[in-house]
Amino acid sequence: MTPKSQLARNLRIITCTILAIGVATVVLLVFVFVINSREQEKLIETQLDAHTTLIELQAAIGYGGMIHKFKNWVLRPDEPYYRDRAIETGQRALALLDHLETTASIERLGLTLDAERETIEAYMTNIALVSELHAQGMPPGDIDDRVRINDDEALAQLGVLQQKMIESMRAQQRELVARKNILLMQPTLIIAILLTMLLLLVRQRAHIRSDFDALRVSEMEQFTQIAAHDLRTPLRHIASLAEFAAEELENDDAPGRDAAREHIDGIFERTRKLEALIRAVFRYIMIDGASQEIETVNLRELVIDLGALHIPEGGTLRLEGEFPVVRAQRVELEIILRNLMSNAVKHHPTGTPTITLRYSRKVRLHQFEVEDDGPGIPEEHAEKVFGMFWTPNLDKETGDVSGVGLALVRRIVNRWGTELSMSNANPTGAIFRFSMPVI
């Protein structure tokens, strides 16, 4: 993976991590809120039920309840209303006791309501006894002495139960708050882990960027050294030809002038080659500043137009594959295809090659193959072919061969984060393969 693709991949990971942090934060906070709200509602409902039941029980037993009505029935035998109300409130108190014993609050306290139940049942039994004694004509005072029940312990226990229940409710509230804090700590911990990962990714990105910049500096230093060396060669030739032309002109005769003219033509030829080489150098240097505009490209039309421009009469362009309309960086794609086609023409023995261009789609990549029927590349030169200023026709005196084209193509493909490869065709020729990311 190239530094450029590593940077792009790192940026995607950082973006996904930030999104993950945001989503995780929202989801976890909503989860904590929902869980805490449900527990809060459940606790409030349970505590309210237990407390309400206890208050109703106290009302059913105490003043205005069963005991009050029972005593009125003892003292007022001619008013059976008090007897009926005493029975009714006693039954109500027993029902409340049954319900209260099943609540979580009483179970949590570990208390029993046996004293209250025994007291209520004793009063209920004595209601019938009071009715019999009234029927026998016993005075109310004697009846009161006979059926008197010591209910102080039961009533005091109700007060203790109420106090302990309040303390238990407060403890439950504190536990709920503690659980809420624990739940809040979990998303906080997860977010802290994600933020740590994000910081590590940012740091990694900085290292990758530093390595990438160092690689570019190293590449440009190497490029500068090679360029300086290779540009001196045509300059020396030009200087030599100028000296030869000056010497011939000193003779001031027809053969001397003809020789001088040949030397001057050589100067022009080498000047043209030097100019082409300098243009190629600038293309290589400025590729990072080339137009990166993404646009809609009809691949079939693009390839046919480039073939018409660069393949001379007698040459052939064959297309294999769909060649659809795609979104791409047109300038860079044109540079690649133009260089590969031009190389096929330049290095073909007759200058009229048959070029076969293939297209296929694989997941997120557009795949291209450019095959020619030229002499091919010897195996010992397979790695050199992508080097700066290298060409198999080192003795060819033409300004069109600079040895920069394939280095330029490889640099573009590397910027895309894909690969450029070469193999020999059968029986002759070369096949260049490269991929372009789907945009």
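Tyrosine 359 has phenylalanine 368, in β5, as its bridge partner. The model is a predicted one, in which local features need pLDDT of at least 70, side-chain atom pairs count only at pLDDT 80 or more, and totals for chains, interfaces and linings use all residues. Residues are numbered from 1 along each chain as its sequence is written, and side-chain values use heavy atoms, with hydrogens and water left out.

**The sheet**

Strands (E, at least two residues) and helices (H or I, at least four residues) are DSSP runs numbered from the N terminus. Two strands count as paired if DSSP finds at least two bridges between them. On this basis 5 strands form an open sheet with mixed pairing, in the order β2-β4-β5-β7-β6. Because β2 (316-320) and β6 (420-424) stand at the edges with a single partner strand each, one side of each has no neighbour in the sheet. From one strand to the next, the twist averages 20 degrees.

β4 (residues 354-362) pairs with β5 (residues 365-371) in the antiparallel sense, over 7 bridges. The hairpin of β4 and β5 has 2 residues between the strands, and valine 363 there takes a positive phi near 55 degrees. β5 and β7 also run antiparallel, joined by 7 bridges. Residues that face each other across these strands include the following.

| Residue | Opposite residue | Strand of opposite residue |
|---|---|---|
| arginine 361 | histidine 366 | β5 |

Axes are lines fitted to C-alpha atoms, for helices over the stretch in contact, with angles from 0 to 180 degrees between N-to-C directions; contact means heavy atoms within 4.5 Å. Helix α9 (residues 299-310) lies across β2, β4 and β5, at about 165 degrees to β2. Helix α10 (residues 330-346) lies across β2, β4, β5 and β7 (430-437), at about 180 degrees to β7.

**Helix α9**

The expected span of a helix is 1.5 Å times one less than its number of residues. For the 12 residues of α9 this gives 16 Å, which agrees with the 16 Å between its end C-alpha atoms. Leu299, Leu302, Val303, Leu306 and Gly307 of α9 are buried (under 20% relative accessible area, 1.4 Å probe, protein chains only; exposed is over 50%, partly exposed in between). Seen down the axis, the buried residues of α9 fall within an arc of 130 degrees, so they line one face of the helix; the arc is that of the directions from the helix axis to the C-beta atoms. Ala308 and Leu309, on the other side of α9, are exposed. The cover over the buried residues of α9 includes β1 (294-298), β2, β3 (325-329), α10, β4 and β5.
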